[in-house]
Amino acid sequence: MTCILAFKEGLKPDPYIDLVEWGNTYFRLTKESSVEPGVYRTSRTPYVEEILRELSPQSPTQEIVVIKPTQTGFTTLANIFLFAIAHLYAGPAMMAQPTDDMAKKHSKKKIGPSVRAVPCLKDIIKPTKSRDSGNTLLLKEFPGGSWTFTGSNSPASARSDSIRYLILDDYDGFVQDAGGEGAPGDLLKKRTDAFGSKRKIYINSTPTVKGVSHIEREWNESSQGYFNVPCPHCSEYQFFDFGGRDSDWGVRFTRDDDKQIIDIWYVCQHCHERIDEWQKTEMMIRGKYVHKFPNRKKRGFKINALYSPVGWLSWEQIMNEFVKAAGALKKGNSQPMKVWTNTRSADVWEEDGDQPEWNKLAARAEPYKILTVPMGGMLVTSGVDTQDNRLEVLVKAWGRGEENWTIYQGTLYGDPDQAAVWQQLDEILYRMYRHESGVDLRIVSMGIDTGGHKTQAVYNYCRQRGPIVFALKGASTPGKPILNRPTTQDVTYGGKTIKKGVQLWSIGTDIAKGTIYNRLKLNDVGPGYAHFPIGLDDEFYKQLTAEKLVTSYDKQGFPVQKWIKTRERNDVLDEDIYCYAAALKSGMQRMDWDNMSKSLKDKGEQQLLDPTHSQKTNKRQTAIKSKWMA
Ligand SMILES: [Zn+2]
């Protein structure tokens, strides 16, 4: 039947060609999308061939999972899939990307020019601009099917039609939950059910963080195929991997006195002979995927940046980046190594440090009494988290190098719209905290969160007790400083609006969390170390460590990070941030700790201390005085 039709229609191609043949016959690379525009050859990136074969309708495989480094030609692969569908295997197709904006950009910048470069699509896909073409940036219709481009952040209900071909592109950048309906990838997959064994789901991503990476989860369920290449000396197949300092195979290089790489090569895992980079072109042509679980139906494929074709990303560039990242890691900055691991090694990054272990913190609690301040702590601040039915309060003391001690954490029950709960907070605000020297200390700065529904109540409390007590609002903008310039807010009080009644301080929570978590990792008592008194319950430590930093990559390969909750409640972490902001606002970073420490010792049991005052008098300060002093 099909043969007769093909014969009759003369020029129509054989519908049974697979996607490798389709790509090599019909696909063209554009100037916009490739450094090598023109005719496409899968032999340039041989690792895509088996993947294209599985994406072909001739293969019974329904799910294909690819873990990839950046800059290795996988965007092209998704395009070939979509184009061949429109040309020969019409059906409803959807390409989902992390955001709507990315989907629009992809359609405009990658799909549009590519369609114009591929002659066989000319009459099938109408230009976006033509009227009644059925084609917009996010929807392109063609006889028998369509392409829909969408972002994981748009509500899944927007279009609920069935999908035969689904691409989840850049999967680790997908939002965790689309409007409370669940993981967007899982929702989209369900929409392919109607097509049964005729569906194709192609999932690809550069991996991100272990445990929260979407692609890692898919990979773990897959056949886990690694692209193996034969050694030019002993012909043994192996996965190009970096090896390591202690392994007798992998990438090796020598550097000159200025630490520049002057020679780089690969040592075979089997015969330990030297393999040069130029040799990989031939090796890759003879390459094949070796699957760890060959019987699994979900097919998994993996390469790393060492497979980047000669002329694209060189081994030297890759290892120069590694050397730089290793240097940063030694200085405590793990970000470059995280990026390198994800985008070059195509491995998940183990974010061990970013979520401290709560039980280790609990185990190191020290025998000082709650509501008392050990010798090193000299500046007492408080952070308050506002909830609809309660206030959560943390009090901490700070010392040299921002070493810090938790002094008190508690819950004050009551509706913040009523006076009672604020009276309880007054007791914490105005009480004395006995320092180990015998001196009584007071809270010098208290920051109260205005988020949620009780903003006016918080403003009222702050307005009456400023400037020691201040209103704050957390902002999870990456790179935003912890303490920012305040803005002046109107407050409503006793039925009247008071113009410019209170200052609102914006707090950059992302940097604060990073700082706090890096410090919780410290093992040695000293600058930055956090002390806890015996007697705090497990819930305190669980809430303090309730978040995790997650990294994903945008289309350009730039990392995008955000903090996510791994436990239901994170109040203590918020309070800790507010305490820290309060300490910064009180001038902790300009504090003369030597002077304060000496004064505390000198004045002994008779003295009260007001560090706000000591800060004001600063260097000429000779004696510590306090307005609360009797
Ligand atoms: Zn060999």
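## Briefing: cores, sheets and helix contacts

The buried residues of helix H13 pack against E17, H12, E22, E23, E24 and strand E25 (496-508). H13 spans residues 455-465, and its buried residues are Ala457, Val458, Tyr459, Asn460, Tyr461 and Cys462. The model is predicted. Its protein chain comes to 18 helices and 29 strands. Of the 630 residues in the chain, 40% are buried. Among contacts with a separation of 6 or more, 69% link residues 24 or more positions apart.

- Strand E18 (residues 390-398) pairs with strand E19 (residues 404-413) in the antiparallel sense, over nine bridges. Within this pairing, Leu394 has Gln409 in E19 as its bridge partner.

**The three-stranded sheet**

- A further open sheet has three strands, ordered E11-E12-E13, with antiparallel pairing.
- Strand E11 (250-255) and strand E13 (274-275) stand at the edges with a single partner strand each, so one side of each has no neighbour in the sheet.
- Strand E12 (residues 261-267) and E13 run antiparallel and are joined by two bridges. Val267 has Arg274 in E13 as its bridge partner.

**Nonpolar cores**

- The largest nonpolar core has 68 residues. Ile80, Phe81 and Leu82 have the most contacts inside it.
- Helix H4 (residues 74-87) gives the largest share of this core, ten residues.
- Phe81 touches Leu19, Leu55, Ile167 and Tyr202, leaving aside residues up to four places away in sequence.
- A second, separate core has 61 residues, including Ala457, Leu472, Leu520 and Met588. Ala457 is one of the buried residues of H13.

**Helix H2 against helix H4**

- The axes of helix H2 (residues 19-26) and H4 come within 10 Å and cross at roughly 90°. H2 is therefore roughly perpendicular to H4.
- Leu19, Trp22, Gly23 and Tyr26 in H2 meet Ile80, Phe81, Ala84 and His87 in H4.
- By class, this contact of H2 with H4 has six nonpolar, two polar and no charged residues.
- Ile80 and Phe81 take part in this contact, and both are listed among the residues with the most contacts inside the largest core.

**Helix H14 against helix H16**

- Helix H14 (residues 509-520) and helix H16 (residues 571-585) have axes that come within 10 Å and cross at roughly 100°. The two helices are therefore roughly perpendicular to each other.
- From H14, the contact takes in Thr509, Ala512, Lys513 and Ile516. From H16, it takes in Leu573, Asp576, Ile577 and Tyr580.
- The residues of this contact of H14 with H16 divide into five nonpolar, one polar and two charged.

How values were computed. Residues numbered from 1 in each chain as written. Predicted model: local features only at pLDDT ≥ 70, side-chain atom pairs only at ≥ 80, totals over all residues. Axes fitted to C-alpha atoms, helices over the stretch in contact; angles between N-to-C directions. Helix = DSSP H or I, 4+ residues; strand = E, 2+ residues; numbered from the N terminus. Parallel < 35°, antiparallel > 145°, perpendicular 65-115°, else oblique. Contact = placed C-beta atoms within 7 Å. Nonpolar A, V, L, I, M, F, W, Y, C, P; charged D, E, K, R; others polar. Pairing = 2+ DSSP bridges. Buried ≥ 20, exposed ≤ 12 C-beta atoms within 10 Å, placed from the backbone. Core = buried A, V, L, I, M, F, W, Y, C linked by C-beta atoms within 7 Å.
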